Amino acid sequence: MPKKLLLLPPLSVSSAFRAPRACPAARPAMNAARTGYRVFSANSTAACTELAKRITERLGAELGKSVVYQETNGETRVEIKESVRGQDIFIIQTIPRDVNTAVMELLIMAYALKTACARNIIGVIPYFPYSKQSKMRKRGSIVCKLLASMLAKAGLTHIITMDLHQKEIQGFFSFPVDNLRASPFLLQYIQEEIPNYRNAVIVAKSPDAAKRAQSYAERLRLGLAVIHGEAQCAELDMDDGRHSPPMVKNATVHPGLELPLMMAKEKPPITVVGDVGGRIAIIVDDIIDDVESFVAAAEILKERGAYKIYVMATHGILSAEAPRLIEESSIDEVVVTNTVPHEVQKLQCPKIKTVDISLILSEAIRRIHNGESMAYLFRNITVDD
């Protein structure tokens, strides 16, 4: 007699291969992003970390632990001394006289943070280097565009800067750029620190600086003067490579082809458009580097009757013999912000004064980390500012 087979109820695949349920407390949250942030300084020298310390004090945070130094063979080494995984990292880099070393420090630190799994890497670069090399000059190159590509490749996802030399530089980047303005701080200095500023006139030392000067004059309800005819620097020259290739003697020209000849520029005599007699003259610009043009402008304004002369700018690079030339000139005071370290120059020339802009940089960091709008920092800012 055949045996009966006992049929068991079929097992569902889900029940047969169900994994044991893990304890909720032991389940790792692998995709949970941390919401913290860190602020690092890409330069370990005291002059360059001063701005970073001011910013972290306003934020109520501590400066990130890192080591940046130069080896004996000249190579830059960066070591991050704490975990940055899943965090927003802000790298503050002020540009000292050794520009190329500062750029390498920034690139290496950004790449180190990228490989350490930082969520976002934001560069806080108050003075953006190579910003004057943003146009093609004969057989040169647009170095500013190259630097923008290098920063993106190193891992930066955002940049906070201040008063770019040309606003079009923002188009070189493949990520967001916040170009903050220092003019509110300089305008406040004029109102609070210059006696009888209502008797002042805002001066542009060349027609190219007229828009900036006009912005200051309209906000302070003051007059405007423009110096015309001064020697222009090479950057303002319109040579952009269209003279290539060079002219060759006895070159064959297509018959009947007669191109109109561009007339050479001729500098007119130096004139001051506007009345500065018996007034305080305030020269405004974005960068003070070689000061010969500012010294020459001050002499012209003195000849025209200005009794006191101030020079105001965002970035005080003050290269070479700038402190000595300022001290020996007719300039009464030079006011710059602390976007660039210039403590040594201040010791050489007591006419140099500093305005702190750490407040707006710290507020920008706070808003970016919290995902808040940046519009408040650009209120009343127009396209020409």
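**Rings and helices**

Mentor: Ring pairs join Phe 128, Phe 173 and Phe 175 into a cluster. Rings of Phe, Tyr and Trp (its six-membered ring) pair if their centres lie within 6.5 Å; planes under 30 degrees apart are stacked, over 60 edge-to-face, the rest tilted. This is a predicted model: local features need pLDDT of at least 70, side-chain atom pairs pLDDT 80 or more, while totals for chains, interfaces and linings use all residues. Residues are numbered from 1 along each chain as its sequence is written, and side-chain values use heavy atoms, without hydrogens and water.

Trainee: What are the planes of Phe 128 and Phe 173 doing?
Mentor: Their planes are at 75° and their centres 5.5 Å apart, so the pair is edge-to-face. Phe 173 and Phe 175 form a tilted pair, with 55° between the planes and 5.4 Å centre to centre.

Trainee: Is Phe 128 buried or exposed?
Mentor: Buried means under 20% relative accessible area, exposed over 50%, partly exposed in between (1.4 Å probe, protein chains only). Phe 128 has 3% relative accessibility, so Phe 128 counts as buried. Phe 173, at 10%, is buried too.

Trainee: How are two packed helices described?
Mentor: By the angle between their axes and the distance between the axes. Axes are lines fitted to C-alpha atoms, for helices over the stretch in contact; angles run from 0 to 180 degrees between N-to-C directions. Helices are DSSP runs (H or I, at least four residues), numbered from the N terminus. H2 (residues 46-59) and H10 (residues 358-370) pack at about 60°, axes 9 Å apart.

Notes:
Helices (H or I, at least four residues) and strands (E, at least two) are DSSP runs, numbered from the N terminus.
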